[in-house]
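Have the sequence and the 3D view ready.

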Amino acid sequence: MPEISDIASEANIRYRWIVAASLLVSAWLIWLDPLINRDAIIYLRAAEAYLQDGLAASQQVFGRPLLPVCIALLHQLTGIPLLYSGLLITTFFYVVLCLAFVDTVRVLGGKRSVQLIAAIVILSHPWINHTRASIMRDPIYLAFVMLSLRELLLYVQHQTVTRQLRWTVFVLLATLFRFEGAFLAVLAPLALLFTRDLPHRFRRCLQFLVPVLLAGGIAMLAVYAYQNLRAEGTPLFPAIGLYVDRLLAFPGVFTELARASAEPMLLFTSREDAPVAAVAGLAAILLLNLCRAITWPWVLVLFWGARAGIGHRFRRDDLAIIFGYLLTVLLYLCIFTAINRFMLERYAIQAGVLLLLFLPFFLSSLWHRGGWKKYLVAILLLGTTADTLHNGERDKLFIVSATRWVAENTAEQASVVTNEKYIAHFSHRQVDWSTLQRKRFKLESILDEPAIWRDSDYLVVYLRPRQEAFWQQFVATHALQELRSFEGERTGRAVVVALRPAGPQLPPRIN
């Protein structure tokens, strides 16, 4: 078994440098991406609804409005615009995530050099950092998950009530931001049963489970009571209710899925194996996206470290806790994949970030072996850093230009139909949000129904290159003319069409 000299007590890395680096990375990526993400528009609209009409109005816009409420409160306290309040919250929790990740590596026994590699890994990982320029719940959720994991690891080493309370607070906060945190709240404490050096394991497990189950029960009663008081009669959390309904309907759906999979894939008696083929297909989707989320170079390094036996040098109880978290997250991802039949790297990174905790130790071991392995580590770290700091998001600046033109050159009461949420929100014009959301802001779905756009003043669309033929046919069929076109380099263009030239319009400004 190779020696791993990195697990030792040594002076810790100075965390203020991690804070500074995280802030710089966020500032750079925010500058690089001029277009806020689509989910952010929902959060900003929910924050506006909260400021105007309170929590119930915010909840109607977005079912779980904790992040929008935080954005609105920060705006009220500081006067910072809602957009920048949201970006500030995301930036802050990226700092927390980076610090929690590096300190968890320290708790696992990593010395200063390993902590330094851990800082580079978390600061440069492409999929972990891809939402730094966005307003998302993901970094907040991951930060609280990592903080809760750190507290549970510390608790195993030294049992105190303070650490137990901190774990409870962190895991409940994670659940408030993303529902899947409930899986960790209920199942993660079971990992204590598989520790070796923890005394009274069953009692310790119950001490963690009882508070979260009690809090969950109180929350369910409160939600039920509040739901009965609502006059609308609509579900309070429709997205969660939809997932529950899909889970209950899964046996019938799976039967149809297996039958459909058997038609093109299997012949003769092999059709009896259709359920196995369906399960294998869903598992392959999950595994593929998990590897993509980790990134393939790091998958290979993790595989090498496991084969080299480096993982066996960790404390057994620490591994029990980490694998308990990992299995819980994978259980949720399996359920999600089964009922939705898709998986994204964005979701799979929940499991990926837990596996990345081993990466700094494996990379440090490679580094200390010298020779070409040291250069390999340097190339991998530099490569992921370059991948994170460089992207093509700046190419979407033309959408911002089109939005600004509409805001400056049309009347305030003008109505706009668009397939881009950024244009709909930041143009500050009249938009039928409910109709466009029902069409999922898809260009073809919107234009195929003239009732949606024919009575509006302007049609402002984001055209991808593959949609040009469809657009030209649409313009010719309805005898429309492009008023303005804002060209992008590779990602398409934005087009403004005046549907009612005699309607409200201001003369174009000369820039």
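In which loop is Arg440 found? Arg440 is in the loop between helix 22 and helix 23 (443-447), where helices are DSSP runs of H or I with at least four residues, numbered from the N terminus.

Before going further: this is a predicted model, with local features needing pLDDT of at least 70 and side-chain atom pairs counting only at pLDDT 80 or more, while totals for chains, interfaces and linings use all residues. Residues are numbered from 1 along each chain as its sequence is written, and side-chain values use heavy atoms, leaving out hydrogens and water.

Arg440 and His428 are both non-glycine residues with a positive phi. Exposed here means over 50% relative accessible area, buried under 20%, and partly exposed in between (1.4 Å probe, protein chains only).

Now for the inside. A nonpolar core is a set of buried Ala, Val, Leu, Ile, Met, Phe, Trp, Tyr and Cys residues joined through side-chain atoms within 4.5 Å. The largest one has 145 residues, and Ile135, Tyr325, Leu459 and Trp471 touch the most other members. This core lies between domain 1 (15-236 + 275-390) and domain 2 (394-498), because both give residues to it; the bounds come from an automatic or database domain assignment.

Leaving aside neighbours within four places in sequence, Trp471 is in contact (heavy atoms within 4.5 Å) with residues including Leu447, Leu459, Glu482 and Arg493. There's also a second, separate core of six residues, among them Phe254 and Leu266.

Terms used:
Helix = DSSP H or I, 4+ residues; strand = E, 2+ residues; numbered from the N terminus.
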